[in-house]
Amino acid sequence: MKTKNLALFASGTGSNALSIIQHFEGNPKVNVAFILCNKTTAPIVERAKSLHQRVILCTNAEVEQPHFLVNLCKENEIDLIILAGFLRKIPTNLILAYPEKIINIHPSLLPKFGGAGMYGAHVHQAVKDANEKETGISIHYVSEEFDTGRIIAQFSVLLNSQDTIVTIQKKVQKLEQIHFARIIEQEIVENGK
Ligand code: GRF
């Protein structure tokens, strides 16, 4: 199998991006080519650099330019793009250039609590307000509509009445750390992505 080049897009803390980097470290079949970040002050920038990863900083205007991301990914021979907490809408032409090759993780059991404005604590707040008995994560391909692409895998966790936004987030993050990189590897190895 040819080595697969991954691009990780992240905007924040980067706990998912870091766990993906660590998961594939030393694996000759998978190379994290770069981390793209649209926020200079995001913690992921320094965290990735400390792991000697290449970080590419971009502006929101560049993300919206029709050819910027496609050119960047094509020039770097990217096979698979991973959205690990990237808080910008992915332009249509990148989705068309990488059909079922862009994977996102969403911190709820889609289709519940997905769509525009549903990110970070907003998701967990909505889950709590709805008195949900469980929540979880959805790992899915990216399509043109927010959070509606084909679901690859979902994992759930039980909630109770004592749960707060903070404890819900912790439960969800635990699932992310256990499953995200593993599912990406499964898509590459078993499904030839
Ligand atoms: C995660 O909760 C993920 O599900 C969502 O954005 C968050 C990113 O967190 N898409 P981190 O930056 O990886 O810590």
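Glu77 counts as exposed in this predicted model, at 55% relative accessibility, where exposed means over 50% relative accessible area, buried means under 20% and partly exposed lies in between, computed with a 1.4 Å probe on protein chains only. Glu77 is placed in the loop between α4 (68-75) and β4 (80-83), and although Glu77 is not a glycine, its phi is positive, at about 50 degrees. Helices here are DSSP runs of H or I with at least four residues, and strands are runs of E with at least two, numbered from the N terminus.

A positive phi is also found at His52, about 60 degrees, and this residue is likewise not a glycine. His52 belongs to the loop between α2 (43-50) and β3 (55-57), and it is exposed, with a relative accessible area of 75%.

Another backbone feature concerns the peptide bond from Leu110 to Pro111, which is cis with omega near 10 degrees; Pro111 sits in the loop between β5 (102-106) and α6 (121-129).

Turning to the side chains, Lys89 lies over the face of Phe146, at 5.1 Å from the ring centre, and Lys193 lies over the face of Tyr141, at 4.9 Å from the ring centre. A charge sits over a ring if NZ of Lys or CZ of Arg is within 6 Å of the ring centre and within 35 degrees of the ring normal.

Residues are numbered from 1 along each chain as its sequence is written. Because the model is predicted, local features need pLDDT of at least 70 and side-chain atom pairs count only at pLDDT 80 or more, while totals for chains, interfaces and linings use all residues, and side-chain values use heavy atoms, with hydrogens and water left out.
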